[in-house]
Amino acid sequence: KGAIFVSRKTTVSKDPFIKWAASFLQKNGAPLVPIEKGANRYLFEEVSKSELTDRCISILLEGGRSNTSSNGGFARKFFSKIFTSMGIGRTKIHFFADVTIAFVHNAEFFIPEVTHLTRDLIIRVLNICNSHIEGVDGESYSCLMQAVFEILPPTVATTTAIAPNTIIEAADAVKVVNRANTIRKEIKNFLSNPMCGDDGSDAPVAEEPARKKRSSMSPPSTQDLTALDDSDDDDDNVTKSTSTSTRSEGIIPPSSSNICDNQQLEQQIQRISRIAKGGANTSDETNIIPQAVFGDDDAGNHDSCLRASSSLEKIAVDTSYGGGYLHCDHTTAVAIAHCRWDSHKRRRVSILRDILQEASTIVCRSIPSLHTLLGRIHSGYDGDNDTYEAFCDGQRIIVNLFAYMPKLVGDVASINPPYSRSLVHDFVVMITHEVAHFLEPRGGHGPEWRDTHMKMLIKVMNQLDK
């Protein structure tokens, strides 16, 4: 009586919640009965996810294990502030030491009891709100998600504790909400007066805002995907929805309320991907990417993308660096050529390239149509500049691994898959950020680019825990 029939599909599930639930029930003496091979599936029916959830909650609530400590109170205040801004302030929140992954049931949240909040946990809770809680609109979610990545630091663990500069405080919830409200106002200002600046000022927006400019671009035989106009697309069957003039006329406003309708995003991706495939040469025959000279990027007051970069040389590297090629500054290229890097440093670069590949795979799995554009991502190492994480030069995206080196904390010998979720998330944000420049060639860092970036990022985030 009361037996829970499970197969290996449940006990060794890759779903994080099912994996936790099965383990939790076993630890608490629940009668989990393995289904023998060849058993009648009608007599021994596999337990459903809903039944697992009900059993877990019954044990949690009957045990009276809900957290009442000061740490639980701090986390409760943080999430209460976030939930209130989303219009679900009355949502009940439980904290349990036995819960290792956040989930929701009957509009009640069950969240791990934590000593310190992490950005990863906050992102998961926001994703759950967007997917499972009625009353949450897409605009609130997307504005908060963007604010979380702008305001909150990725959690970095040292050998003894959480690094002090990455601890998230209760007061950070106010900063996140305030930034989300600012983003919402910027969107409304743009919709009501698209000829105003990104900050809602009366400064007129140029007909074609300046983008990142690079001196002496790579060979003209390679298609520049960020220097396109409507004439680049000769397919009359596809709506040219990426046109700035179309958006400015209010036909397709860059509002996050359209986040559930992905048709426009897919059209953008298909259009640019066709051009990328049709380019005369995408093999990067030149081994030199000239030093960057950046111009006005229409980034408003929140730009963190415009940074100078060195002239980069494309060099072949062996498997200790991850194999293939790296785009490096001259000093680094010489050091690698003369084998001056120790095994520790080479291993760190190799690990970062693995994490970059994992993030790219996650993005491609979430948005398969991006496959062609994701193929234009290349690993780089600009040892003279750690102020930029990546750049899009119109033909490819170069990721500066040097900027990520400090985020890879710990002894490299002990760093193995699965890698830090915070670092994977950072790469996901960077990839979608740069790909958005391909998709919004005239968007700079204005509302149109932001809208496209957030559409992609939200699609990816919604898939991370599935």
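Contact means that heavy atoms lie within 4.5 Å of each other. By this rule, residues 24 or more positions apart account for 69% of the contacts in the chain with a separation of 6 or more. The model shown in these views is predicted.

Figure 1. The chain has 466 residues, and 51% of them count as buried. Eleven salt bridges are found in the structure.

**Figure 2. Helices α13 and α14 where they pack together.** Two packed helices are described by the angle between their axes and the distance between the axes. Helix α13 covers residues 421-439 and helix α14 covers residues 447-463. Their axes come within 9 Å and cross at roughly 140 degrees. Angles over 145 degrees count as roughly antiparallel and those from 65 to 115 as roughly perpendicular, and α13 and α14 are therefore oblique to each other. The crossing of the two helices is right-handed. On the α13 side, the contact is made by His-425, Val-428, Val-429, Thr-432, His-433, Val-435, Ala-436, His-437 and Leu-439. On the α14 side, Trp-449, Thr-452, His-453, Met-456, Leu-457, Val-460 and Met-461 take part. Sorted by type, the residues of this contact are ten nonpolar, six polar and no charged.

**Figure 3. The salt bridge between Arg-450 and Glu-186.** The closest N and O atoms of this pair are 2.8 Å apart. Arg-450 belongs to helix α14, while Glu-186 belongs to helix α7, residues 172-192. The two residues are 264 residues apart, and the pair links distant parts of the chain. Residues under 20% relative accessible area count as buried. Arg-450 has a relative accessible area of 7% and is therefore buried. Glu-186 also counts as buried, because its relative accessibility is 7%.

**Figure 4. Lys-407 and its salt bridge to Glu-389.** The side chains of Lys-407 and Glu-389 meet with N and O 3.1 Å apart. Lys-407 lies in the loop between β11 (397-400) and α13. Glu-389 lies in the loop between β9 (377-381) and β10 (390-392), so the pair ties together parts that are 18 residues apart in sequence. At 27% relative accessibility, Lys-407 is partly exposed. Glu-389 is likewise partly exposed, with a relative accessible area of 33%.

**Figure 5. Lys-407 and its salt bridge to Asp-426.** Here the closest N and O atoms are 3.5 Å apart. Asp-426 is buried, at a relative accessible area of 9%. Lys-407, by contrast, is partly exposed. A network of salt bridges links Arg-119, Glu-389, Lys-407 and Asp-426.

**Figure 6. Asn-106 and Ala-107 in the loop between β4 and β5.** Most residues other than glycine have a negative phi. Asn-106 has a positive phi, near 50 degrees. Ala-107 also has a positive phi, near 65 degrees. Strand β4 spans 103-105 and strand β5 spans 108-112, and Asn-106 is found in the loop between them. Are these two residues buried or exposed? Asn-106 is exposed, with a relative accessible area of 65%. Ala-107 is partly exposed, with a value of 46%.

**Figure 7. Arg-348 in helix α11.** Helix α11 runs over residues 343-366. Arg-348 counts as buried, because its relative accessibility is 12%. Which residues is Arg-348 in contact with, leaving aside its neighbours within four places in sequence? They are Met-405, Leu-408, Val-409, Gly-410 and Val-412. The view can also be used to compare a separation in sequence with one in space. Arg-348 and Gly-322 are 26 residues apart in sequence, and their C-alpha atoms are 9.7 Å apart in space.

Definitions and conventions: Residues are numbered from 1 along each chain as its sequence is written. This is a predicted model: local features need pLDDT of at least 70, side-chain atom pairs count only at pLDDT 80 or more; totals for chains, interfaces and linings use all residues. Side-chain values use heavy atoms; hydrogens and water are left out. Axes are lines fitted to C-alpha atoms, for helices over the stretch in contact, and angles run from 0 to 180 degrees between N-to-C directions. Helices (H or I, at least four residues) and strands (E, at least two) are DSSP runs, numbered from the N terminus. Angles under 35 degrees count as roughly parallel, over 145 as roughly antiparallel, 65 to 115 as roughly perpendicular and the rest as oblique. A crossing is left-handed if the near helix is turned anticlockwise from the far one by less than a right angle, and right-handed if clockwise. Ala, Val, Leu, Ile, Met, Phe, Trp, Tyr, Cys and Pro count as nonpolar, Asp, Glu, Lys and Arg as charged, and the others, Gly among them, as polar. A salt bridge is a side-chain nitrogen of Lys or Arg within 4 Å of a carboxyl oxygen of Asp or Glu. Buried means under 20% relative accessible area, exposed over 50%, partly exposed in between (1.4 Å probe, protein chains only).
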